[in-house]
Amino acid sequence: MYTYESEGADFFAKAYAPGHITGFFQIHEHNDPHRKGSTGCGIVLNGGVTTEVKVGKSVENTEIFLNGKKVEGKTTRTVVEMMTDEPVRVKSWAEIPVGCGFGASGAGALGAAYALNRALSLNRTVNGLTEYSHVAEVVNRSGLGDVAAQSSGGVVIRLHPGGPQFGSVDRIPAPEARVFCIVLGEISTDSVLADETAAGKINAAGKAAMLELLKTPTLENFMHQAKNFASSTGLMSSTAQDVIEAAYANGGLASQAMLGDTVFAVAPYSQEFPLYEALQEFGQVLEYGISTCIPRLLYD
């Protein structure tokens, strides 16, 4: 269907990848980007990024667009460069905030990989496309473990770091809970990962949180461990702490998305409305759901 050799033709393909919120993590450095990554746990969301690629005679240079604006798109550009020498026009639309701990860069990278694989008939497998996306994330320091989780869906425990070649994941059986989010600001993933003091606190707290989670792998325990992690690492902002305390006071469980100045919260069904009302006092409440969705191709 997508045969690039056709004279003068342009070819399109479109894909979707879900967002992901990390609750806690541990950094695993390695010279090999296929082995580098993180362990930890997070929630895959039913909101994400849709990406369309265009290749052909009319495309002279690789360009990346996000929500209608031309961007540098380093992670997505790296995916393109790893997969083809042809110029590609990439257009992404995010239904999740960018730069706020929702895994948007990982979702964009996965969407570009899936769509480009289709448009150029490269015949790569899911593991191959996930590997491209993971490597692009870690070399650009835009993320460490989102891609592994986004390729699995649900409440994902990242047990071993790296792409599919070396990494491994498991999942927590969880109900289809709503996830309420308040975006307070952005945090630079790169700057935190480059800070040795911050990385040391993250690794100590992430290791402790994982040990406790594996003793009782439930959604509720994950939320508790995420809150403890955010507090003990010093990454929790004072405003985020206020929001989290309000969530707990109204029957919810909450923590801070990593790495972003964003609070995410869940509650039993009977407590969802009181939780939502309490969170509204702090700003716009974004509502998603825990999703078992994984990256997929789309058809117009």
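# Notebook: helix pairs, sheet and loop

I began with helix H1 (residues 74–83) and helix H2, which are roughly parallel to each other, since their axes cross at roughly 25° and come within 8 Å. The axes are lines fitted to C-alpha atoms, for helices over the stretch in contact, and the angles run from 0 to 180 degrees between N-to-C directions.

I note that this is a predicted model, in which local features need pLDDT of at least 70 and side-chain atom pairs count only at pLDDT 80 or more, while totals for chains, interfaces and linings use all residues. Residues are numbered from 1 along each chain as its sequence is written, and side-chain values use heavy atoms, with hydrogens and water left out. Helices (H or I, at least four residues) and strands (E, at least two) are DSSP runs, numbered from the N terminus.

**Helix pairs.** I then looked up the handedness of H1 and H2, and their crossing is right-handed, a term used when the near helix is turned clockwise from the far one by less than a right angle, anticlockwise being left-handed. On the H1 side the contact (heavy atoms within 4.5 Å) is made by Thr75, Thr76, Val79, Val80 and Met83, and these meet Ser105, Gly108, Ala109, Ala112, Ala113, Leu116 and Asn117 in H2. Sorted by class, this contact has seven nonpolar, five polar and no charged residues. For the classes, Ala, Val, Leu, Ile, Met, Phe, Trp, Tyr, Cys and Pro count as nonpolar, Asp, Glu, Lys and Arg as charged, and the others, Gly among them, as polar.

Next I followed H2 (residues 104–119) to helix H3 (residues 126–139), where the axes come within 9 Å and cross at roughly 140°. That angle makes H2 oblique to H3, and H2 passes H3 in a right-handed crossing. From H2 I listed Ser105, Gly106, Ala109, Leu110, Ala113, Tyr114 and Asn117, which meet Val126, Leu129, Thr130, Ser133 and Glu137 in H3. The residues of this contact divide into six nonpolar, five polar and one charged.

UniProt, in an unreviewed entry, lists "domain: GHMP kinase N-terminal" at residues 83–154; its positions are in the numbering used here, feature names are shortened, and annotations may be inferred rather than shown by experiment. In the model, the end C-alpha atoms of residues 83–154 lie 28 Å apart, and the span is 50% helix and 8% strand.

I also checked the partners of strand S5 (residues 89–94), which runs antiparallel to strand S2 (residues 37–56) and is joined to S2 by six bridges, with Thr50 having Trp93 in S5 as its bridge partner. Strand S3 (residues 63–66) runs parallel to S5 over four bridges, and here Phe65 stands opposite Lys91. Two strands count as paired if DSSP finds at least two bridges between them.

**C-terminal record and sheet.** The unreviewed UniProt entry places "domain: GHMP kinase C-terminal" at residues 210–283. For that span I find 57% helix and 14% strand, with the end C-alpha atoms 31 Å apart.

I traced an open sheet of four strands in the order S9-S10-S8-S11, with antiparallel pairing. Strands S9 (253–256) and S11 (286–289) stand at the edges with a single partner strand each, so one side of each is left without a neighbour in the sheet. The twist from one strand to the next averages 25°. S9 pairs with strand S10 (residues 261–266) over four bridges, and Gln256 stands opposite Val263 in S10. Helix H8 (residues 238–249) packs on the sheet, touching S8, S9 and S10, with its direction at about 170° to that of S9. Helix H9 (residues 272–280) lies across S8, S10 and S11 and runs at about 10° to S8.

Which residues stand opposite Cys181? In S11 the bridge partner of Cys181 is Leu286, and in S10 Cys181 stands opposite Phe264. S8 and S11 pair over four bridges, whereas five bridges join S8 to S10.

**Loop.** Last, I placed Pro175 in the loop between strand S7 (168–172) and strand S8 (178–185). Leaving aside neighbours within four places in sequence, Pro175 is in contact with Leu219 and Ile290. The C-alpha atoms of Pro175 and Ile290 are separated by 8.0 Å, although the two are 115 residues apart along the chain.

Notes:
Angles under 35 degrees count as roughly parallel, over 145 as roughly antiparallel, 65 to 115 as roughly perpendicular and the rest as oblique.
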